[in-house]
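Thanks for coming. I will take a few minutes to go through one structure, and I will keep to what can be read from it.

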Amino acid sequence: MSRNLRYLVLVPLSVAAFYVLFVLPDVDLGWAGGLAVLGGAWLVWYLLWATLQESTAAAGRGESAPPVSPGEQRAWIGLVFTAAIVVHYLLRGSQMVADDGSMAPAASAIGRHIGMLVVGWLVVMQLLRRRQRDTVELDERDRQIEARACGWARVGLSVFVIGLAVTFAFSPLERLAWARPMAVANVLVVGLMASCLLEYLATGLAYWRDRRGA
Amino acid sequence: MSGTPIDNSIRKLRFEHGEMTQQALADACGITRQTVIALEGGKYAPSLELAFRIAHAFGVGVEDVFRWKR
């Protein structure tokens, strides 16, 4: 199967797998059904990952083709996983808050999903590190790009915190009825994750811009 | 990263040194091949330490590799 066709099949399947596993409400499918859904989703993501790796390797062949650096790969992978976590929070975060503002029973399942994404991220990073163990992973240019991206993330986080502080300070109390402990906790986590997202995006774009003009 | 005011002869020196590959130069200097590409494309100005390492890899002086663009 050609690489383009594989992308055409695997990208929608990956999104669908994410939707089934993380967005749809939990349905008890029994251990066999649950295992099949989980295994199927991870298989689709693995195939997409393998196809991406193949494209990266093909792009790196020859002197003229600018390959994707380890730092850029780390940035795009981080962006995908952080975006998945933020989207998951945005879609299901409200289900974590009970009517009295405390933690709802659904919160533990949602937390488990997020934990699963983080574990998946760590596994992918470990695989990537193993593949690149014989090459230089990080040099002074990578550190410079990371430092700039970190600056963007710091600005984003500062804007978010100031915006939240201003909202709490100047909004009438009746408009802050949503601000219960669990809801505020969710907002803070989303803000933090969004700043990470911004950092990975700025890093990825800096590499991409350099590569495009090479 | 935008263009830098420092010009270099890395590409020319690589070819003069037995058509040294970008990867070989990167390995000799402890940097990634992408950084060599960025340097050759004038998109990155190296630190003084890296400039010396590159010059050392070619066995020439720093001023033979890097020049200030006028």
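Before the first point, a term. By a nonpolar core I mean a set of buried residues of the types Ala, Val, Leu, Ile, Met, Phe, Trp, Tyr and Cys, joined through C-beta atoms within 7 Å. What you are looking at is a predicted model.

So, the cores. The largest one has 17 residues. Leu79(A), Leu197(A), Leu198(A) and Leu201(A) are the residues with the most contacts inside it. Three helices of chain A each supply at least two residues of this core: helix 3, residues 70–92; helix 5, residues 140–170; and helix 6, residues 181–212. Which helix gives the largest share? That is helix 6 of chain A, with nine residues. There is also a second, separate core, of 14 residues. Among its members are Ile10(B), Leu39(B), Ile54(B) and Phe66(B). As background, nonpolar side chains in soluble globular proteins tend to be buried together.

Next, how the chains meet. On the chain B side, 17 residues are in contact with 13 residues of chain A. The elements of chain B that give two or more residues to this side are helix 2, at 22–29, and helix 3, at 33–40. Helix 3 of chain B gives the most, with five residues. By type, the side of chain B that touches chain A divides into seven nonpolar, eight polar and two charged residues.

Two single residues now. Ser2(A) sits in the segment before helix 1 of chain A, and that helix covers 3–23. Is Ser2(A) buried or exposed? Ser2(A) is exposed, because 7 other C-beta atoms lie within 10 Å, and the cut-off for exposed is 12 or fewer. Ser2(A) and Met193(A) are 191 residues apart along the chain, and their C-alpha atoms are separated by 36 Å.

The other residue is Glu19(B), in the loop between helix 1, residues 10–16, and helix 2 of chain B. Its phi is near 50°, which is a positive value in a residue other than glycine. Glu19(B) counts as exposed because it has 9 C-beta neighbours inside 10 Å.

Last, confidence. The model scores ipTM 0.86 and pTM 0.80. For chain B, the mean pLDDT is 91, and 96% of the residues in that chain reach 70 or more.

Key: Residues numbered from 1 in each chain as written. Chains lettered and ligands numbered in written order. Predicted model: local features only at pLDDT ≥ 70, side-chain atom pairs only at ≥ 80, totals over all residues. Buried ≥ 20, exposed ≤ 12 C-beta atoms within 10 Å, placed from the backbone. Helix = DSSP H or I, 4+ residues; strand = E, 2+ residues; numbered from the N terminus. pLDDT = per-residue confidence, 0-100. Contact = placed C-beta atoms within 7 Å. Nonpolar A, V, L, I, M, F, W, Y, C, P; charged D, E, K, R; others polar.
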